Amino acid sequence: MRNDATIVPAARPAAPTNIGSFVKRMSGLHTNGTIKTFDEKPRKTVVKLFGNVAVAIGGFEAVADGSRSRGANAFLFIREAGDWQIAAMAWDNETPTAPLPEELA
């Protein structure tokens, strides 16, 4: 992931952040005990590629302190000097009114 990649968490209104701020926030939640355990596993992923640009969206299952959730991660990749780099990432969580699409589950 590029150090200057933009990250957009599921919370709304959208509040884009950077990698350093996101890591600091999540580390703080772990340190202060707000989140004791966290595990995330990928589900199905769909990738579209054209030239030096790729877009991927993939479902996930997460468990935070025993509470299960599902959602989707979306990534924008760019190819630089032969390597694929994440330029941006966003995600959202499944809700009763916005279930995870079967193609990502």
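Predicted model: local features only at pLDDT ≥ 70, side-chain atom pairs only at ≥ 80, totals over all residues.
1. Pro13 sits in the loop that links strand 1 and strand 2. The peptide bond leading from Arg12 into Pro13 is cis, and its omega is near 5°. Most peptide bonds are trans.

2. The overall plan of the chain comes next. The chain contains one helix and six strands. Followed along the sequence, these elements give the pattern β-β-α-β-β-β-β. Along the principal axes, the C-alpha atoms fill a box of roughly 45 × 35 × 25 Å.

3. In general, the strands of a sheet pair through backbone hydrogen bonds, in either a parallel or an antiparallel manner.

4. Strand 1 (residues 6-8) has pairings of both kinds to report. With strand 6, strand 1 pairs in the parallel sense over three bridges, and Thr6 has Ala88 of strand 6 as its bridge partner. With strand 2, strand 1 runs antiparallel, and two bridges join them. In that pairing, Ile7 stands opposite Thr17 of strand 2.

5. Strand 4 (residues 53-64) and strand 5 (residues 67-80) run antiparallel and are joined by twelve bridges.

6. Asp65 lies in the loop between strand 4 and strand 5, and its phi is near 50°, a positive value in a residue other than glycine. Most residues other than glycine have a negative phi. With a relative accessible area of 39%, Asp65 is partly exposed.

7. Strand 5 also pairs with strand 6 (residues 83-93), in the antiparallel sense and over ten bridges. Here Phe75 stands opposite Met89 of strand 6. These strands too make a hairpin, with two residues between them.

8. Is Ala81 buried or exposed? Ala81 belongs to the loop between strand 5 and strand 6. Because its relative accessibility is 86%, Ala81 counts as exposed. The phi of Ala81 is near 50°, again a positive value in a residue other than glycine.

9. Which residues make up the largest nonpolar core? This core has nine residues, namely Ala5, Ile7, Ala10, Ile19, Phe60, Ala62, Ile86, Met89 and Trp91. Strand 4 and strand 6 each supply at least two residues of the core. Strand 6 gives the most, with three residues.

10. Some values for the whole chain complete the picture. Of the 105 residues in the chain, 22% are buried. The chain exposes about 7,200 Å², and carbon and sulfur atoms supply 58% of that area. Among contacts with a separation of 6 or more, 40% join residues 24 or more positions apart.

11. The charged side chains form the last point. The chain carries 12 positive and 11 negative side chains. The centres of these two sets lie 2 Å apart.

Terms used: Residues numbered from 1 in each chain as written. Heavy atoms only, no water. Pairing = 2+ DSSP bridges. Helix = DSSP H or I, 4+ residues; strand = E, 2+ residues; numbered from the N terminus. Core = buried A, V, L, I, M, F, W, Y, C linked by side-chain atoms within 4.5 Å. Buried < 20%, exposed > 50% of the residue type's maximum accessible area, 1.4 Å probe, protein only. Contact = heavy atoms within 4.5 Å. Areas by Shrake-Rupley, 256 points an atom, 1.4 Å probe, with all protein chains shown as cover. Lys, Arg positive; Asp, Glu negative; His and termini not counted. Charge placed at Lys NZ, Arg CZ, Asp CG, Glu CD.
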